Amino acid sequence: MVTPVSIVAKDLTITLSELRNLMELRKTDAVKKIQANYGDINQLCKRLKTSPTDGIYGIQSELDTRRTVFGKNYIPPKKPQTFLELVWDALQDPTLCFLIIAALISLGLSFYHPPGGSAAACHATDMEEEDEEEEMGWIEGCAILLSVLCVVLVTAFNDWSKEKQFQGLQRRIESEQKFTVIRKGEVIQVPIADLVVGDVAQIKYGDLIPADGLLLQGHDLKVDESSLTGESDHVKKSLTADPMLLSGTHVMEGSGKMVITAVGINSQAGIILSLLGVGETSEKTKDKDNKAKKTKDSSEAAKNLDTVDIERGDEDVEIKTNEEEKPKKAPSHKKEKSVLQAKLTRLAVQIGEGGLAMSIFTVVILLARFFFINFVMKKLVWTKECTPLYLRRILKDLIIGVTILVVAVPEGLPLAVTISLAYSVKQMMRDNNLVRHLDACETMGNATTICSDKTGTLTMNRMTVVQAFIGNMHHRVIAEPNSIHPTTLDCLRKGIATNCAYTSKIASPERRGGLPRQLGNKTECALLGFLLELKQDYEAIRKMIPEEQLYKVYTFNSERKSMSTVLKNDDGSYQMFTKGASEIVLQKCCFILNEDGESVAFEEEDYALMIKNVIDPMASEGLRTICLAFRDFPANDEEPDWDDEDDIIKDLTCISIVGIEDPVRPEVPEAIRKCQNAGIVVRMVTGDNFNTARAIAVKCGILQPGDNSLCLEGKEFNRRIRNSEGEIEQELFDKVWPTLRVLARSSPSDKYNLVDGIINSNITKQRQVVAVTGDGTNDAPALKRADVGFAMGIAGTDVAKEASDIILTDDNFSSIVKAVMWGRNVYDSISKFLQFQLTVNIVAVIVAFTGACITQNTPLKAVQMLWVNLIMDTFASLALATEKPTEALLKRKPYGRNKPLISQIMMKNILFQSIYQLAVVFTLLFAGETLFDIENGRTAAPEGPPTQHYTIVFNAFVMMQIFNEINARKVHGERNVFEGIFTNSIFCCILVGTLIVQILIVQVGGKPFSCAPLTLEQWLWSILLGIGSLLWGQLIVSIPNKCLCFLKEVGEDIVEAEDEIFEEEVAEEEKEIDYGEREFLHSQLLWVRGLTRIQAQCRVVNVFRASLYDDLEAATMGPNEMVSKL
């Protein structure tokens, strides 16, 4: 039929309601409904004004009309948190709440002056003040509120900017996702959001179906509908049994065409999401009757589903119906959570406990001193008039305790992790790494093993036939067409043209003088290119035999390792063409075409000679060998049972064996060498011939001359790792994997078993961290099981991408090396931040505690400590977490899962820098007035004006932190701390910005910041003391680590036996392993300042972890688990 150029709504003689009711049916019920109401699918296409062969016309007015009538292929995302909501979240921090309450009480007391309530009248020690100073008592409360506001706004802005960044990244990815459709008779790719009802779409193995539709044509089509139904069995699709194709399901086998009948929120997946409230905003304009009808339709659709698991944004929802009839699923493997996150959580809890104890102890000491001196020694009486004054004094002590807790608790840790990961993810996009799960970025830095595919990852994935065995002749260069018998040439032309997917084709070069473009499967493109070199036109054959006339297609899969196409001739006979792995297809051949184009017998002896003289020599040169064969089915014979594959694909006649070259990427050998120097073992897992895989491994550098590396085929691998009962034994597996470097002729299950066995092995000191690459649908289990799964962005199927953690947008192994660098850089960035923050923590807490308990006035005021906290939390997070990676990261071994977070070198730096800073601060505190000839701040009234003495203490302390931040850039004992400093503009800006703000605080801050302006000489001394931390750092580097054996590393892993017990329990409950959560449960620590901030970071991470390729990715955890996690 001819598609109209332009249509209007009334031309579409089928309604949205009819299509929705139709798509709610399944299998034979749907077939009967189509036959009863429309006759067949072709008649339904007429009512949709589309052509089953040519599709819609596709002009803009037509697309707009279809979107108006049937809706857009878009499901509105969950509305992100507004900035004010993020501000509210930040205000939930318990210590900030306490400071706000304390500041408000302080303000109230400052304005309340009862008769006789002066310090002199109450005779209270440490509370004498001038009358004019009493009038300024409100300033401290306002300063604390201002500081809290600053912290809250900075926190909220960080969260808001990260959410915006992740949402922008997600929108970019979604806009780049395209699907193949037929419009105006041409095969084109359009963004998924542009699909409309009536579009004819091509579907193939590995696709994620983006909309609901009806099957128009299918070849061996099987679909995984578990994301909607919960059933893991693949559903076979056909025009007569089950033509229904639903969005969010995966094509696991075969190919075909479909006509789209429902998009967006009108699809079955969209209806389910509407039950969860998604897209409510867009529906508000509809009247109540429409809403009621929609709810009714949605409810009916839900009844057809047994289980629906949906992950969207930061929500995990599980809807279950008929649960009692549903058998319990077998436990599935779950990945352990981020190594770094677990270590940081434990460390944060430990530091938080110490900080809480110190703050309580400080408050107790201050209050005890106040009550002892005034009510025991001086025997004063608590009077009503003096109550506001006493309360204000007690409140100041409480504020000091809270600020010590604020400084001590490392709430900046989750912020530093998130900033570092977010920065790394953004930069990794430029290095062709699209990170889907944030923790994969950090985990990759700990990788010890990479199991890589060969084709497209280690090789260029531009395949060319360079050798061929035709007519008993081994042609090491492509033969001239006239040297091949016409019968043989005709079989080659017809067999390759029809037995390659019609989506595979050779297109003209993009620019003059360039290579022809290979569109579709690269192996098939190599065969089509082979035909073109033989001066044969495959397009002419395809026009004579369009795809619709193919009688039966056995599509390629990892089990068959071959593809076969059956053609029906005019006389009723059949002809089948087969192509596939040479050894496998050749075994099914009983005949071979000789030089005269005649079919002659092919015996077992001939098979052995063919392997020895043709296939092995080709494979040893790194060529992929493909056998082309055919079989005739005479017309007078009974029609075969086409479902009996074993009986169909046998007694073949070999046409030719071709050798396909796929050159090794030039950058791969160097990338593999870098991995090996970095302590990462690279293993090749491929479905190719043993000799081909071995030759490529040698070229890549995976196999080295003279080493004892092991190369196995899949069969031999399984024989070695399985016992007499056919079960995998870890003990047997552990004898194989340490030296295994190449696994050839492997199946996806072999790859999964390899990954699973390496992860479960305990023969090494550290648990192995495994990264895996995959491109096929059947690679999904291995990608899920691995610590980090890499999917191919170009050759990878949608299913593989959904199962992955990182997508290689260029399919290049060298991009994996860059991911390792960024992963290790994240770990180092956090180590730098820790080294800096813990130094500040130790010094600030000790100074605040000592000053409060020994002197009558704490040297670091509440507002000052909030400023210090801002420096070491937000600003240090930005500065130290945005360092760029260097090649030096690849010159050391992986950290491992059990390595302590704080190394001995870091402990040395923290300890000795703390000693230096404490020595400077205490010298200034107890002798500063003498050294600078200024007023003694220790004897000044707490409520009196700020003194230069304590201002110098505060200023020198901040200067030491600023310069120690430069020291913190190196955590491995490097001497040159300035190396690469100017490559990080963020670090330089924050360093200069902090210095400028500090100058303003000291010189013009006055009473609110408890600072008195300093002279130029005092400023120079403060800066000089700060620079001293750099010089002191050089002395620290010179101290040999062996002289400091008393320093213990911090953050070691917990007892292994306890881990094993815990893992077993978790496996039974199908939960993710999170040692940090267990630490929380053990400690029951509720006073951790970072708890609320961690929640905000989790929400940001979950937004990013939502499926970037489909709004209906199955949820990885239930709602109860999510609640417990947060």
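Strand β23 (681-685) is joined by two bridges to strand β25 (residues 740-744), and the two run parallel; strands are DSSP runs of type E with at least two residues, helices are DSSP runs of type H or I with at least four residues, and both are numbered from the N terminus. Two strands count as paired if DSSP finds at least two bridges between them. Within β25, V742 is the bridge partner of M684. The model is a predicted one, in which local features need pLDDT of at least 70 and side-chain atom pairs count only at pLDDT 80 or more, whereas totals for chains, interfaces and linings use all residues. Residues are numbered from 1 along each chain as its sequence is written, and side-chain values use heavy atoms, with hydrogens and water left out.

The sheet that holds β23 and β25 is open and has eight strands in the order β10-β28-β27-β26-β11-β23-β25-β24, with mixed pairing. Its edges are β10 (433-435) and β24 (710-713), each of which has a single partner strand, so one side of each is left without a neighbour in the sheet. Direction ignored, neighbouring strands of this sheet are turned by 20 degrees against each other on average. Helix α28 (residues 748-760) packs on the sheet and touches β11, β23, β25 and β26 (770-774), its direction making about 170 degrees with that of β26; contact here means heavy atoms within 4.5 Å, and angles run from 0 to 180 degrees between N-to-C directions, with axes being lines fitted to C-alpha atoms, for helices over the stretch in contact.

Elsewhere, strand β1 (residues 178-183) and strand β2 (residues 186-191) run antiparallel and are joined by six bridges. One of the pairs is I182 with V187, the latter in β2. The hairpin of β1 and β2 has two residues between the strands, and K184 in this hairpin takes a positive phi near 60 degrees.

Two further residues can be described by their backbone angle. Most residues other than glycine have a negative phi. K49, although not a glycine, has a positive phi of about 55 degrees, and K49 is found in the loop between α3 (41-47) and α4 (60-70). S1010, likewise not a glycine, has a positive phi of about 55 degrees and is placed in the loop between α35 (985-1004) and α36. K49 is partly exposed, with a relative accessible area of 26%, and S1010 is partly exposed at 21%; buried means under 20% relative accessible area, exposed over 50%, and partly exposed in between, with a 1.4 Å probe and protein chains only.

Side chains of opposite charge can pair when their charged atoms come close. The structure holds 29 salt bridges, a salt bridge being a side-chain nitrogen of Lys or Arg within 4 Å of a carboxyl oxygen of Asp or Glu. Among them are the following.

| Salt bridge | N to O distance |
|---|---|
| E253 and R560 | 3.5 Å |
| D688 and K454 | 2.8 Å |
| D647 and K650 | 3.2 Å |

The pair of E253, in strand β7 (residues 250-262), and R560, in the loop between β16 (552-554) and β17 (562-568), links distant parts of the chain that are 307 residues apart. E253 counts as buried at 12% relative accessibility, and R560 counts as buried at 10%. D688 lies in the loop between β23 and α25 (690-700) and K454 in the loop between β11 (449-452) and β12 (464-470), so this pair ties together parts that are 234 residues apart in sequence. D688 is buried with a relative accessible area of 5%, and K454 is buried at 3%. By contrast, D647 is partly exposed at 35%, and K650 is partly exposed at 32%. Salt bridges that share partners join D220, E253, R560 and E645 into one network.

Helix α34 (residues 948-967) and helix α36 (residues 1016-1038) pack at an angle of about 35 degrees, with their axes 8 Å apart. By class, this contact has 11 nonpolar, nine polar and no charged residues, where Ala, Val, Leu, Ile, Met, Phe, Trp, Tyr, Cys and Pro count as nonpolar, Asp, Glu, Lys and Arg as charged, and the others, Gly among them, as polar.

Overall, the protein has 40 helices and 28 strands, and 58% of its 1126 residues count as buried.
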